[in-house]
Every structure is written in structure tokens, then in C-alpha cells.
2 protein chains.
Amino acid sequence: MTEKIRVEKKLLSENNRRAGVIRRKLAEHKILCLNFVSSPGSGKTSLLEKTLASLGGRISMALIAGDVQTDNDARRLSRAGGPIVHAVTTGGACHLDAAMIGTVLDKLDPATIDLLIIENVGNLVCPAGFDLGEDMKVVLISTAEGDDKPLKYPAMFRRASVMVINKIDLLGLSDFETDRARENALLINRGLTIFDISCRTGAGLENWYAWLEEQIKLKKSSRP
Amino acid sequence: MTEKIRVEKKLLSENNRRAGVIRRKLAEHKILCLNFVSSPGSGKTSLLEKTLASLGGRISMALIAGDVQTDNDARRLSRAGGPIVHAVTTGGACHLDAAMIGTVLDKLDPATIDLLIIENVGNLVCPAGFDLGEDMKVVLISTAEGDDKPLKYPAMFRRASVMVINKIDLLGLSDFETDRARENALLINRGLTIFDISCRTGAGLENWYAWLEEQIKLKKSSRP
């Protein structure tokens, strides 16, 4: 297994180098970058559709939607946001890496972007290990999943800055309890900012939009 | 990337060799082996709890519950089935491999087992590539996820023999349509056997139990 570990280390260090290049570029242009991660089906694309529809008019965004095979997510997002959506198909790989993001970023004009959102592959394990140069990872869980997810997939919750609990309209229809999810998440990472939302009913989304606009302002006022 | 591909090929071929050893051992003792795969939170553990409670009295089962970090699933299953549950914690790895299964199997007496169930790590991508010596992969999706999952994660659905659509009690509360999920799945793999169930209400479980008992009988009557 030594050979495997050696090659993995080399790949990760190469990824970290590329992520550093991306991070410096984003800092220079004061672009806030969020990396959205979750299980398949937690609602990343739905939240981004809502966010695009609500803030797209006054915030200049770019979206990179990663998928293992199809460009379904990118097509859904394009309907909500037009030409600012860029699809990356990993061709079977279980995560996005910094090289994929760098390639898309090289084609964009950074001076025109305030917010870069990356929608990672639906996978609570592997994307945790790959820095994409983002300011923060945003991890979604849905109330239709178990509230023990933070304990079972701790690496992802440890590396995230924000946890969004989606589908709160389904509370009561499963054993999921938001208090317990919150408690489990804070056990792993007590610095997490947490939002309870429902993309279906719109509950909680105003808080999310307000936080997002605030973060963009903070980034704009940061030193390059 | 050539080095990475070379090492991955070597690891996979080593895994396949070990899976072959497991498969021969299971065939010799006529043990049916199912490998359960899905996103986190689709309901693998719930379905196995129900299956243990319903069939545990008359079928001799062993369960291997894999998890990235905790042994939560194994503990839940132990409450339903007692000492036949074996926990494997991958320590961060995104899938079970044949070596992990082989180690557990070496400690069991194969003559006492009719059905071996493996609950894989919650991940729709990586476990697709790792043969564990099973007769079939059983892939679960939940109606709280999107019905385009088979298109977005085709490798897993292509390699599965059975698809279980869980949480049908939540139909109508999301955009999920079972017909569309079924259609998408059969596009990827038209040999799939499909079950619609709800672990919460019990709907559809009788069909699942009957199918499972039939498969065990078929395996028992197979040539070693």
C-alpha cells in the first residue's frame, strides 16, 4: 500500500499547489468562492437555482457545476441563470479537483465576477480531501437523510464552514431532528454557521441570501 | 497521471483477485451474498433492520456493515439482529474492498450462513468499482433524492442487479416520479429488478422479502 499512499500524496500536493494559484487569483480580484458539497440528492442544485433567481440580478456570479456523467445540473442552472453556468463532467471521477476549476477559470474574465460558486459531485466522502481554492465549503444535508451524517462523515463537516439543513418542510415525516443534527455537527466542528431551509417552500432562504450578500461585501472590503 | 492509473489498475486487479477468492468460498458453501450500495441516507440500514426483524428467525444471516468512521449502522443492526452483525470502519476510505470483507469472513463459520449481506459506505460513486465477491449489488435510491440519479451515477446502476426505490411514503412531497426513476434506471441497465418500498410504512416490503427468500433458495440449489 506504500506505493498507493506515495502516489496519493503526490496528487494531493499537486492539487494543493493548483488550489493555491486559484486562491491567489480570487483574492486579487476579491471574488468570494463557495464550494458546495453534499450527498447526491440533498438539494445543491435546487438551492443554487433559488440563489441565482433571487440574487442573479444584482450580484455578478459564475457557477461551475460538476457532475460525474451528465450535465443535468448545469442545464438546470442555465435555465435559472443563463450563460454564467459552466459544466464540468469528471468522466467517472468522484470529486472535482483544482485542475478542473483552473481550466474553467482561465476562460473567464475575473474582473466581472463577485461570486464564484462551485457545485461539487454528490459525494460526502471524497470531495472533502480536495481543496479547490475556495473561501469556504458549504455542506448540505437534507432532513430525508439521517441526522447522524456529521458523525458518519466527519471529514466533510470538519472542513466545511457552513452547514445548510435542507427540506425542513419534510420534518416530522422521518426520524430526523434538526436539534440532533445541529448538535452532531457542532460536536465535529463548533465553528459551523448553520441554516435551516426548504427550497420547496422558500422557508429560511432570506437568511441565506442575507448572509451570502454580507460575505460578498466582506470579501470586497478585504485586502487583495 | 500515468503513474496514478498504473497504481489504480494494480490495486483493482489485487481487489479482483481477493473478490474471486471470496466468491469461490461463498459458492462452495452456497451462501447468497448481496452488496447494498446507495447515497448516504437512502435507507440501507433501515431496510436491513426490517429484513433482519422479518427473516432473521428463519434464515441464517451474517451482516457486514461498513462505515467511514462510526459503527452507528452496525450498532443499529445489532439491536435488530444480535451477534451476526460485524462492523467494518474504513477509517476514511470511501468504499469497502475485498480485503476488508475477506478478513471478516475468515472469522465466520461459512457452514452456518445462508445469506451474507454487506452494507457498503454511503457513496454512489466509488463502491461501484470494487467487487466484493457478491452475487449482486442492490442499489437504493430514495424518493427524496432526484429521479435522475441513475443517469448521473450510471456506473453504479449499470453494475447493480436490483434497484430499490425507498421512501415511497414521501411521493408527492418532491418532484420525484417513480415512473421516471424506473425509466432512467432501465435506460442504463434494462436487466434491473426494481422494488418500490417504504421502510417507514412497510409498503412493498413483502415483495422484497419474497424475492430475497427465492434468491436464497436458488443459491441453495445451485451447483457449488
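A salt bridge here is a side-chain nitrogen of Lys or Arg within 4 Å of a carboxyl oxygen of Asp or Glu. In this predicted model, Glu14(A), Arg17(A) and Arg18(A) are linked in a network of such bridges. Over all chains, the structure holds 32 salt bridges.

Start with a pair inside chain A. Asp106(A) bridges to Lys25(A), with the closest N and O atoms 3.4 Å apart. The two residues are 81 residues apart and link distant parts of the chain: Lys25(A) sits in helix H1, Asp106(A) in the loop between helix H4 and strand E4 of chain A. Asp106(A) is exposed, at 61% relative accessible area. Lys25(A) is partly exposed, at 26%.

Next, a pair across chains. Lys152(A) forms a salt bridge with Asp73(B), and their closest N and O atoms are 2.8 Å apart. Lys152(A) belongs to helix H5 of chain A and Asp73(B) to helix H3 of chain B, so this bridge joins two chains. Lys152(A) counts as buried because its relative accessibility is 6%, under the 20% cut-off. Asp73(B) is buried too, at 3%.

Now turn to the sheet of chain B. Its 7 strands form an open sheet in the order E3-E2-E4-E1-E5-E6-E7, with parallel pairing. Strands E3 and E7 of chain B are the edges, each pairing on one side only. From one strand to the next, the twist averages 20°. At one end, E6(B) and E7(B) pair over 4 bridges. There, Val164(B) stands opposite Phe195(B). Helix H2 of chain B packs on the sheet, touching strands that include E1 and E2 of chain B, and its direction makes about 165° with that of E2(B).

Terms used. Residues numbered from 1 in each chain as written. Chains lettered and ligands numbered in written order. Predicted model: local features only at pLDDT ≥ 70, side-chain atom pairs only at ≥ 80, totals over all residues. Heavy atoms only, no water. Pairing = 2+ DSSP bridges. Axes fitted to C-alpha atoms, helices over the stretch in contact; angles between N-to-C directions. Contact = heavy atoms within 4.5 Å. Buried < 20%, exposed > 50% of the residue type's maximum accessible area, 1.4 Å probe, protein only.
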